[in-house]
Amino acid sequence: MGHIMLKLASKIGALFTVVAFAAINGIFTTEASAESCAENKLCLYENEYSAGRSLGVDQDISDLRFSLYSFNDKASSASNADIYNCYKLYQHISYQGTWVVLRPRGQAYSRISRLDRFNLNDQVSSIKKIPALLPGGIKNPDCYASLTSLPHWVAINEIFP
Ligand SMILES: [Ca+2]
């Protein structure tokens with residue numbers, strides 16, 4: 001317990017230093033937010049609630065280990081800024097394992113602030129881009145039939161504006 005408290009104290013100290021430095025220099029910046037997710041992209045974030053390092057994606061990635069961004073098993077939250085496509089996040093490479101769908105921007109479930117609610121915290125290893133609508137304007141069941149492969153889940157309905 002003492003060890004944990006010490007670690008926490010040192011983290012808070014470091015945070016204070018960063019904030020003080022930023023204030024002195026007049027460059028008070030915040031962590032990456034959902035607003036930094038580029039238009040028409042799916043964004044992964046290193047931490048919950050769209051915080052930390054982010055990665056914008058606009059195509060399938062079958063194996064995040066080989067992406068240039070070293071984001072394999074890192075994402076803790078995600079948001080979808082694409083209004084035409086859903087994105088499916090998979091636990092394993094090659095679109096295997098547990099998955100969750102992010103619906104298009106402006107719709108329910110276009111943002112997931114906590115991937116741990118889908119047992120996917122620090123586990124996403126591949127990503128599939130799926131058109132929301134099929135020819136004729138029919139809703140694509142790949143996007144809309146189910147939100148996740150999990151039989152039971154707890155999620156907050158979050159809409160990325
Ligand atoms: Ca993480």
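In this predicted model, Leu102 touches Leu42, Ala78, Asn80, Cys86, Tyr87, Tyr109, Ser110 and Ile112, when residues up to four places away in sequence are left out; here two residues are in contact if their C-beta atoms, placed from the backbone, lie within 7 Å. Residues are numbered from 1 along each chain as its sequence is written. The model is predicted, and local features are reported only at a pLDDT of at least 70, side-chain atom pairs count only at pLDDT 80 or more, and totals for chains, interfaces and linings use all residues.

Leu102 is also named, with Leu44, Ala78 and Leu89, among the residues with the most contacts inside the largest nonpolar core, which has 28 residues. Such a core is a set of buried Ala, Val, Leu, Ile, Met, Phe, Trp, Tyr and Cys residues joined through C-beta atoms within 7 Å, where a residue is buried if 20 or more other C-beta atoms lie within 10 Å of its own, exposed if 12 or fewer, and partly exposed in between, with C-beta atoms placed from the backbone. The elements that give two or more residues to this core are β1, β2 (51-57), β4 and β5. In soluble globular proteins, nonpolar side chains tend to be buried together.

Four strands form an open antiparallel sheet in the order β2-β1-β3-β6; strands (E, at least two residues) and helices (H or I, at least four residues) are DSSP runs numbered from the N terminus, and two strands pair if DSSP finds at least two bridges between them. Strands β2 and β6 stand at the edges, and because each has a single partner strand, one side of each is left without a neighbour in the sheet. Five bridges link β1 and β2 in the antiparallel sense, and Leu44 has Leu55 as its bridge partner in β2. The hairpin of these two strands has three residues between them, and Tyr49 there takes a positive phi near 55°.

Strand β1 (residues 42-47) is joined to β3 by four bridges, again with the strands running antiparallel; in β3, Ser79 is the bridge partner of Cys43 and Ser77 that of Tyr45. Strand β3 (residues 77-80) is covered on both faces, with Ser77 and Ser79 buried on one side and Ala78 and Asn80 buried on the other. Two antiparallel bridges connect β3 with β6, where Ala78 stands opposite Ile112.

A further open sheet is formed by three strands in the order β5-β4-β7, with antiparallel pairing. Its edge strands are β5 (96-102) and β7 (126-131), each of which pairs on one side only. Strand β4 (residues 85-92) pairs with β5 over five antiparallel bridges, and Lys88 has Val101 as its bridge partner in β5.

Leu120 is found in the loop between β6 (111-112) and β7, and this residue counts as buried because 25 other C-beta atoms lie within 10 Å. Leu120 touches Leu89, Gln91, Thr98, Val100 and Leu115, not counting residues up to four places away in sequence. Leu120 and Ala75 are 45 residues apart in sequence, and their C-alpha atoms are 8.3 Å apart in space.

As to confidence, the protein averages a pLDDT of 80, and 70% of the residues score at least 70; pLDDT is the predictor's confidence in each residue, from 0 to 100. Over residues 4-34 the pLDDT stays under 50, and for this stretch the model has 17 contacts beyond four places in sequence. Where pLDDT is low, the predicted coordinates should not be read in detail.
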